[in-house]
Amino acid sequence: MSATPGPAADDARRDAASAAPVPPASEPAASGAGAPAADPEAVAPARRRRLVATLVALAAVTLVLDQATKAWALAGLDEGVRHPVLGDLLGLQLLFNPGAALGLATGTTWLLTIVAITVVVVIIRVSRRLGSTGWTIALGLLLGGALGNLVDRLIRDPGVFMGHVVDFIAYGDLFVGNVADIAIVAAAGLLMLLSLMGVRLDGTRERREDAAEPSDGAAGATPATTPEDGRRDG
């Protein structure tokens, strides 16, 4: 026969229950639990569409301006005759260039045509990752300039892929170029500047490493995030 527990036993049970650790309350699940975290470096689709539209518009304006000025030069200038604009520094002189700038690669017109087509294809492909206004302007100018000279190589004499580019802007005695060349040079300069500033195609900036070596006490410590990390180009 079992004995009936007395008041002392009840007190002991209550003390044991109060001393037991209480498990922490479960936190509410975050919205979208189980879904992959959003990429903080991703560019909003609406912004990317605006940048791509800007690139296409800038390339189109450059192409139209280039071809319009070439048509004007063909109609109003005599081949090889120089017309001074700023003395000997700048003039107008119609030439037909089978090669690249400065008269280089005059015997490989077909190769220059392939290079121009490759540039156009690469720009179209990388435009899907655009997130930088600076890169958009640079690539738009580069695309328009490449297309401007590519049109000449495709439609002008002596034939398809072998056409000579119309040049008419004479820079002293150095070389003769056109509007497409100006766009290409401007794009190259802007791309160099963006690279020096550490601006990536998607608009983020490269991290700037501290010049000083970490001290012995800080060895193995996690480096602090700099303000440059993850910043997007406006």
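Modeller: Of the 234 residues in the protein chain, 31% are buried, where buried means under 20% relative accessible area, with exposed over 50% and partly exposed in between (1.4 Å probe, protein chains only). The model is predicted, so local features need pLDDT of at least 70 and side-chain atom pairs count only at pLDDT 80 or more, whereas totals for chains, interfaces and linings use all residues. Residues are numbered from 1 along each chain as its sequence is written, and side-chain values use heavy atoms, with hydrogens and water left out.

The protein chain has five helices and four strands; these are DSSP runs numbered from the N terminus, helices being H or I of at least four residues and strands E of at least two. Along the sequence the pattern reads α-α-β-β-α-α-β-β-α. Among contacts with a separation of 6 or more, 65% join residues 24 or more positions apart, a contact being heavy atoms within 4.5 Å.

The four strands form an open sheet in the order β1-β2-β3-β4, with antiparallel pairing; two strands pair if DSSP finds at least two bridges between them. At the edges lie β1 (82-86) and β4 (175-177), each of which pairs on one side only. Direction ignored, neighbouring strands are turned by 40° against each other on average; for such angles, axes are lines fitted to C-alpha atoms, for helices over the stretch in contact, and values run from 0 to 180 degrees between N-to-C directions.

Taking the pairings in order, β1 meets β2 (residues 90-97) in the antiparallel sense over four bridges, and Pro 84 has Gly 91 of β2 as its bridge partner. Six bridges then join β2 to β3, again antiparallel, with Asn 97 partnered by Val 165 of β3. Finally, β3 and β4 pair antiparallel over three bridges, where the bridge partner of Tyr 171 is Phe 175 in β4. The hairpin of β3 and β4 has three residues between the strands, and Gly 172 there takes a positive phi near 55°.

Helix α2 (residues 45-76) lies across β2 and β3 (165-171), running at about 80° to β3.
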